[in-house]
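Hi,

Here's the structure I said I'd pass along. Have a look at it first, then read on for my notes.

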Amino acid sequence: MGRVEGKVAFITGAARGQGRSHALRLAEEGADIVAVDICEAVPGTPYPGATEDDLAETVRQVEALDRRIVAEKADVRSLSDLKSVVDKGVAELGRLDVIVGNAGIDIPAIWRDITPEIFQDTIDINLTGVWNTIMSAVGHLVSGGGGSIILTSSAAGIKPVPFHVPYNAAKFGVTALAKSFAMELAKDKVRVNSVHPGGVDTDMATGAMELFDGFSKENPDLMGMFTQWFPGSMPPREISNAVLYLASDESTWVTGHTLAVDGGMTSY
Ligand SMILES: NC(=O)c1ccc[n+]([C@@H]2O[C@H](COP(=O)([O-])OP(=O)(O)OC[C@H]3O[C@@H](n4cnc5c(N)ncnc54)[C@H](O)[C@@H]3O)[C@@H](O)[C@H]2O)c1
């Protein structure tokens, strides 16, 4: 019996990186998946965008685990598009138990180089997109008698990371979203928690790290603020294990919690 056997999980940003890893980890433990991804580059991101082939590869890998998956290209900035994918997924898979708001972008920049477009896109995707994700799907959890919502914030949603003004604002906002929804949805047996990854080995982190070398010349005093205590880079599966715990019935009394998985980064 898997740890989330029989549950259905809706995951945003599932074409690659942490989102794909979450889909596979939950599928390994018996869940079926509803997956969305924008499948294109967002202007300004310093790394290549995910593709429709990436999302198809997530589908292939979930199905190889003998689980079912409904996957569609969709942008978390569109509440109506998310809602139609979720409703289609529930019609095909029968229920919804878990929502994982994972999709996000990162456009690191020194404060004076942040344009109105960078600020707006980051807030629209990383904060409003998470609100859209919840609102598109939470009705199915309430009508089904309960469930678990897991929001991907960041270490930057606990402690601001330098050269990330809009990203920090959005990720602190996600932390607040989790606690706010957790309060009101507890009576409906819907738990809401945020996960706070440190540096995870994905395309996003690789693109951001390359820029940090330039930033260190701008303001070297800030560069020691984010030190991970464990050596090496963190694989996405470490975050997926936290998502799995929060999705499962092992965490029935855990809600409104900020779960840092960051090698100690935010502990000082
Ligand atoms: N990688 C890290 O070091 C790190 C650290 C802390 C938090 N995070 C957060 O983890 C989450 C996952 O990031 P990742 O590391 O897997 O990076 P990633 O770039 O590999 O994956 C992000 C996914 O989200 C998708 N996406 C982006 N904008 C979207 C939109 N508007 N609509 C739908 N999908 C969209 C992308 O296409 C991509 O597949 C993000 O919220 C990110 O901010 C990452």
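Predicted model: local features only at pLDDT ≥ 70, side-chain atom pairs only at ≥ 80, totals over all residues.

**The ligand site**

There are 28 residues around the ligand, and the closest are Asp37, Asn102, Tyr167, Val200 and Thr202. Sorted by class, that shell comes out as 13 nonpolar, 11 polar and four charged residues. Three helices, α1 (17-28), α5 (165-185) and α6 (203-218), each give at least two residues to the shell.

A backbone N or O atom of Asn102 sits 2.7 Å from a ligand oxygen. For Gln18, a polar backbone atom is 2.8 Å from an oxygen atom of the ligand, and a polar backbone atom of Val200 is also 2.8 Å from a ligand oxygen. How much of the ligand does the protein cover? On its own the ligand has 820 Å² of accessible area, and the protein covers 96% of that.

**Strands β5, β6 and β7**

Strand β6 (residues 190-197) pairs with β7 in the parallel sense, over four bridges. Strand β5 (residues 147-152) runs parallel to β6 as well, and six bridges join the two. If you want landmarks, Gly147 has Val190 as its bridge partner in β6, and Ser194 stands opposite Thr258 in β7.

Is β6 enclosed or open? Eight of its eight residues are buried, so β6 is largely enclosed by the rest of the structure. In a regular strand the side chains alternate between the two faces of the sheet. For β6, one side carries Val190, Val192, Ser194 and His196, the other Arg191, Asn193, Val195 and Pro197, and both faces are covered.

Strand β7 (residues 258-261) has one covered face, made of Leu259 and Val261, and an uncovered one with Thr258 and Ala260.

Leaving out neighbours within four places in sequence, Ala242 is in contact with Leu259 and Val261. Ala242 counts as buried because its relative accessible area is 9%, under the 20% cut-off.

With a relative accessibility of 1%, Ser240 counts as buried. Not counting residues up to four places away in sequence, Ser240 touches Gln18, Ser21, His22 and Arg25. Gln18 is also the residue with a polar backbone atom 2.8 Å from a ligand oxygen.

**Two positive phi values**

Most residues other than glycine have a negative phi, which is the reason to flag these two. Cys39 has a phi near 55° and is found in the loop between β2 (32-37) and α2 (52-64). Asp66 has a phi of about 65° and is placed in the loop between α2 and β3 (69-73).

Are they buried or exposed? Cys39 counts as buried, at 8% relative accessibility, whereas Asp66 counts as exposed, at 67%.

Cheers

Methods: Residues numbered from 1 in each chain as written. Heavy atoms only, no water. Buried < 20%, exposed > 50% of the residue type's maximum accessible area, 1.4 Å probe, protein only. Pairing = 2+ DSSP bridges. Contact = heavy atoms within 4.5 Å. Near = heavy atom within 4 Å. Polar contact = N/O pair within 3.5 Å; in protein donor to acceptor, adjacent residues only side chain to side chain. Areas by Shrake-Rupley, 256 points an atom, 1.4 Å probe, with all protein chains shown as cover. Nonpolar A, V, L, I, M, F, W, Y, C, P; charged D, E, K, R; others polar.
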